Amino acid sequence: MNEEYREDLNEAQEKHQDYVKLVRKFKKMKPKKLDNLINEEHDRQFEKIDCLNCGNCCATTSPIFRDVDVKRISKHFRMKPVEFEKQYLKRDEDDDLVLLTSPCAFLGDDNACSIYEVRPLACREYPHTDRKRMDPILDLTLKNSEICPAVARIFKTIESNLSR
């Protein structure tokens, strides 16, 4: 991981309690205003962030694999879905299908995804800061601020702007 991104994540960990308070403020906002605030900052940060210089999400967390993801990826590998599940996935405590191991088996040394074109929806949407209806996933977004440098920067910028 790029050193600058590591610093972003370290700062996010240090500011965790401040970001908990920020999420409380977010929860009091009207959903549309919240979406606009986070989505606009998402766009600004992803103009500067290069995920291939990071890969921390793929190295440390697992997406949830939906049945349609399993079918699409197993077809890509010319495997039966049950074989793909057995080789790569497990059920977690919430009965969701997640990766068997971490880092992701499809993450290359260059942080590129070997199944990028058929990757799970959760990977396509990560870190979920450009979606509508941010309010139901604010706690997840808080967790992602310590995994994804872009989310860390989104929180840092918004917190700074709101405290002016």
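**Chat about rings and a pocket**

User: Is Phe 77 buried, exposed or partly exposed?

Analyst: This is a predicted model, and in it Phe 77 has 30% relative accessibility, so Phe 77 counts as partly exposed.

User: And what about Tyr 88, buried or exposed?

Analyst: Tyr 88 comes out at 17% relative accessibility, so it counts as buried. The cut-off for buried is under 20%.

User: Ok, how many aromatic pairs are there?

Analyst: The count is nine aromatic pairs. One of them is Phe 77 with Tyr 88: the ring centres are 6.1 Å apart and the planes sit at 20°, so that pair is stacked. Phe 77 is in the loop between α5 and α6, while Tyr 88 is in helix α6, so the pair ties together parts 11 residues apart in sequence.

User: Which way does the pair of Tyr 88 and Phe 106 go, stacked or tilted?

Analyst: That one is tilted, with 4.8 Å from centre to centre and 45° between the planes. Phe 106 lies in the loop between β2 and α7, so this pair ties helix α6 to a part 18 residues away in sequence. At 4% relative accessibility, Phe 106 counts as buried.

User: Which residues form the aromatic cluster?

Analyst: Phe 65, Phe 77, Phe 84, Tyr 88 and Phe 106 form one cluster.

User: New topic: how much space is in the largest pocket?

Analyst: About 1100 Å³. The lining has 43 residues, and among those nearest the centre are Cys 57, Cys 58 and Tyr 126.

User: Which element gives the largest share of that lining?

Analyst: That's α7, with five residues. By type, the lining divides into 28 nonpolar, eight polar and seven charged residues.

Notes:
Residues numbered from 1 in each chain as written. Predicted model: local features only at pLDDT ≥ 70, side-chain atom pairs only at ≥ 80, totals over all residues. Heavy atoms only, no water. 1 Å grid on protein atoms, 1.4 Å probe; cavity = no way out; pocket = protein on both sides within 12 Å on 5 of 7 lines; lining within 4 Å. Points joined across faces, edges and corners; volume = space filled by probe spheres on them. Helix = DSSP H or I, 4+ residues; strand = E, 2+ residues; numbered from the N terminus. Nonpolar A, V, L, I, M, F, W, Y, C, P; charged D, E, K, R; others polar. Phe/Tyr/Trp six-rings, centres within 6.5 Å; stacked < 30°, edge-to-face > 60°. Buried < 20%, exposed > 50% of the residue type's maximum accessible area, 1.4 Å probe, protein only.
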